[in-house]
Structure formats: C-alpha cells, structure tokens
Amino acid sequence: MIWEKFKKNLWLLCLHMLLLRKVKVSSTFCAAALLLLLVAAYFWKPLLNPSQMFYSSHSDIVNYIGKLHYLEYISFKAHGQIPLWNPYSLFGNTHVGNNVSWLFYPFFLPYLLSNSPFIDTINFVSHFFMLGFFTFLYVKRISGSSFAAIFSATAIMFTGRMLLLPYTGHIFFLGLAYFPLFLLLAELIIEKQRFLYSFIFALALTLQLLSTHIQMVIYSAAVLVLYIMFRVLGEFRSSKSSGGVKHHLLLFAASFVLFVLFSAFQLLPLLQYSLISDRGIADKAFAASHSFYLLNFPTIVLPNLLG
C-alpha cells in the first residue's frame with residue numbers, strides 16, 4: 001500500500017517538474033530532483049525504517065567495516081578523540097593508516113556520533129545521487145542534450161555493479177561517485193583555462209582518496225591521465241598551437257600537486273602501512289590472481305569462444 005502511494009506521488013512529482021519546465025525552471029534543478037526521487041524510490045524501505053539494515057547479514061559492513069565504525073564511536077563518546085590506533089586487530093595496528101577506516105571523510109564523520117545503520121542509508125543515497133548528478137552535468141556539457149544526460153545518469157546509477165553495493169556492504173566503492181565530476185572538471189579546465197577549476201579538481205581527488213580504497217584512486221588516476229592526454233591532443237590538433245597545450249598541462253599538473261598536498265595527512269600513513277601489508281609486498285602472480293587476462297577479452301562479446 002505504501003509503495004503504491006509512493007509510485008503515484010512519484011509520477012505526480014515528475015509531471016509537476018515537466019510543468020515547471022514550461023515556466024522556465026532550470027533543467028538542472030529538474031534533473032537533480034528527478035534523480036533524487038529515483039534514488040529515494042530505490043532505497044524507500046531503509047529511508048522509511050531508519051533502524052533497518054538493508055545490506056546482507058554477511059556483508060562487509062557487518063563483518064568488518066561496522067566494527068571499525070563502532071570503535072570510532074565508542075572512542076569518541078568515551079574520550080572525545082578519534083582513534084588513531086586499533087588495538088583489536090592483528091595484536092594492534094594503525095587505524096589512521098588503514099585503507100578502509102576513512103577517518104577524515106566528511107560524509108563518515110557522523111559515525112563518531114552515532115552507531116545507527118541509518119548513517120549507512122544516507123551515505124548510499126547521497127553517493128548514488130552524486131554519481132547520477134555529476135554524470136548528468138558531464139554528459140550535458142559534452143552533448144548539449146538534457147535527455148541524453150538524464151538517460152546516462154540513470155543508467156550509471158542503476159548499473160548491476162552499483163546495485164550490488166548495498167547488499168554486499170561495499171561502502172568503500174561509493175567513491176566512484178566522484179569520477180564523472182573528474183571528467184566534468186577536466187572539460188572545464190580545458191575550456192576555461194582557469195586555476196579555480198584546477199583547485200576544485202584537487203579537492204575532488206582528495207575527497208575520493210578519503211572515501212574509497214586506494215585501488216580505486218589509482219584506477220581513476222590512470223583513466224584520467226589517458227582522458228586528459230586524449231583531450232589535450234585533440235585541442236592541439238584543432239588549434240595547432242603549443243602554447244595552449246602547455247597551459248592545459250600546467251593546470252592539470254597543478255591539480256595533481258595540490259591533490260598530493262591536500263591529502264598528505266592521509267596519504268603518508270597509507271604508504272607507511274602498505275609496507276607491512278600482504279598486498280604491498282606481494283609478487284606479480286598475487287597481484288594478477290583475480291585479473292581478467294587479455295586472452296579472455298573476446299569472451300565479453302563471444303562467451304563461448306574458448307569453449
């Protein structure tokens with residue numbers, strides 16, 4: 001009954017937004033409202049039941065991450081301090097250097113004040129929305145089409161990989177929400193050539209580092225470098241001027257330098273901890289143990305190619 005009423009109200013709100021378009025309300029505002037409604041529709045049960053867990057009882061939040069958040073909660077409640085050391089793991093190890101502690105990520109600071117699962121709900125809802133909204137802004141900028149931008153934003157929010165995150169409790173992959181923002185800022189840096197966008201780019205990179213696994217940051221950086229090279233080369237071919245290319249590269253270099261400086265308080269403990277991690281000292285065979293080998297790539301299109 002509740003779900004039927006919600007769907008009815010959702011359609012009424014969508015219709016209302018279309019009517020607002022006729023009175024010159026910003027298409028960006030309408031898109032943001034629609035995307036937020038779609039995310040709320042997907043997470044309606046935990047939103048209406050704040051004490052309800054929407055993830056599996058065997059998820060990473062239950063088995064590990066939730067325990068870290070509880071350590072932070074009781075430490076802050078009892079002593080008013082953020083725990084930099086975890087005495088309960090491996091006979092004691094650094095907590096600030098743990099790649100999945102995310103002590104300083106702004107969205108995770110409420111864990112210091114409460115142990116409610118509703119914080120997990122809000123984090124998933126907000127990051128699903130951010131992923132869709134940043135995608136909308138990026139696609140609209142490169143295509144000029146609001147329809148294409150809405151379609152792309154909805155598609156990326158509700159891909160199979162994203163929909164699995166709540167069930168598995170993979171809250172550490174929510175940093176994916178910043179990747180379309182990186183692409184948008186890269187476009188703005190190339191088009192506007194202003195240091196302000198380089199500064200915001202560095203802040204966005206820092207937020208991703210604070211919110212997700214270092215592996216995701218490395219993947220994002222690798223793809224960004226390729227994207228930036230492709231776009232700068234395209235600008236050079238169209239303008240035939242090396243001066244603009246140098247300016248672009250300087251702005252991007254400034255972004256990455258600022259990113260290292262902004263994130264040093266978290267990056268340095270991570271690098272120190274990596275020296276004693278099994279993943280940090282593993283050989284190539286271990287690193288590639290779950291990789292998708294080049295020989296298997298054709299099976300994406302032809303699943304039965306290799307038998």
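The legends below describe close-up views of a predicted model.

**View 1**
Helix α4 covers residues 60-79. Its 20 residues should span 28 Å at 1.5 Å a residue, and the end C-alpha atoms are 27 Å apart, which agrees. At Gly-66 the helix α4 bends by about 40°. Its buried residues are Ile-61, Ile-65, Leu-68, His-69, Leu-71, Glu-72, Tyr-73 and Ser-75. An α-helix has 3.6 residues a turn, so residues three or four places apart point the same way. The cover over the buried residues of α4 includes β1 (85-86) and α5.

In the pair of Tyr-42 and Phe-128, the ring centres are 6.5 Å apart and the planes are at 15°, so the pair is stacked. Tyr-42 belongs to helix α2 (residues 27-42) and Phe-128 to helix α5 (residues 118-143), so the pair ties together parts that are 86 residues apart in sequence. Tyr-42 is partly exposed, with a relative accessible area of 36%, whereas Phe-128 is buried, at 0%.

Tyr-138 sits in helix α5 and Tyr-227 in helix α10 (residues 214-239), and the pair links parts of the chain 89 residues apart. Tyr-138 is buried, with a relative accessible area of 12%. Tyr-227 also counts as buried, with 17% relative accessibility.

**View 1. A cluster of aromatic rings.**
Ring pairs join Trp-102, Tyr-105, Phe-107, Phe-108, Tyr-111, Phe-172 and Phe-173 into a cluster.

**View 2. The largest nonpolar core.**
In soluble globular proteins, nonpolar side chains tend to be buried together. The largest nonpolar core of this model has 67 residues. Those touching the most other members are Trp-102, Phe-124, Ile-171, Phe-201 and Phe-252. Helix α5 supplies the largest share of this core, twelve residues. Beyond its neighbours within four places in sequence, Phe-201 is in contact with Phe-182, Leu-185, Ile-189, Leu-224, Ile-228, Phe-252 and Ser-255.

**View 3. Ser-263 between two helices.**
Ser-263 is placed in the loop between α11 (242-262) and α12 (264-274). Its relative accessible area is 0%, and Ser-263 is buried. Leaving out residues up to four places away in sequence, Ser-263 touches Thr-206 and Leu-209.

**View 4. The salt bridge of Arg-141 and Glu-191.**
Side chains of opposite charge can pair when their charged atoms come close. The model has two salt bridges. In one of them, the side chains of Arg-141 and Glu-191 meet at 2.9 Å, N to O. Arg-141 is in helix α5 and Glu-191 in helix α8 (residues 179-192), 50 residues apart. Arg-141 counts as partly exposed, at 35% relative accessibility, and Glu-191 is partly exposed with a relative accessible area of 41%.

**View 5. The salt bridge of Glu-187 and Arg-231.**
The closest N and O atoms of Glu-187 and Arg-231 are 2.7 Å apart, in a salt bridge. This pair links helix α8, which holds Glu-187, to helix α10, which holds Arg-231, across 44 residues. Glu-187 counts as buried, at 4% relative accessibility. Arg-231 is buried as well, with a relative accessible area of 16%.

Methods: Residues are numbered from 1 along each chain as its sequence is written. This is a predicted model: local features need pLDDT of at least 70, side-chain atom pairs count only at pLDDT 80 or more; totals for chains, interfaces and linings use all residues. Side-chain values use heavy atoms; hydrogens and water are left out. Rings of Phe, Tyr and Trp (its six-membered ring) pair if their centres lie within 6.5 Å; planes under 30 degrees apart count as stacked, over 60 as edge-to-face and the rest as tilted. Helices (H or I, at least four residues) and strands (E, at least two) are DSSP runs, numbered from the N terminus. Buried means under 20% relative accessible area, exposed over 50%, partly exposed in between (1.4 Å probe, protein chains only). The expected span of a helix is 1.5 Å times one less than its number of residues. The bend at a residue is the angle between axes fitted to the seven residues ending there and the seven starting there. Contact means heavy atoms within 4.5 Å. A nonpolar core is a set of buried Ala, Val, Leu, Ile, Met, Phe, Trp, Tyr and Cys residues joined through side-chain atoms within 4.5 Å. A salt bridge is a side-chain nitrogen of Lys or Arg within 4 Å of a carboxyl oxygen of Asp or Glu.
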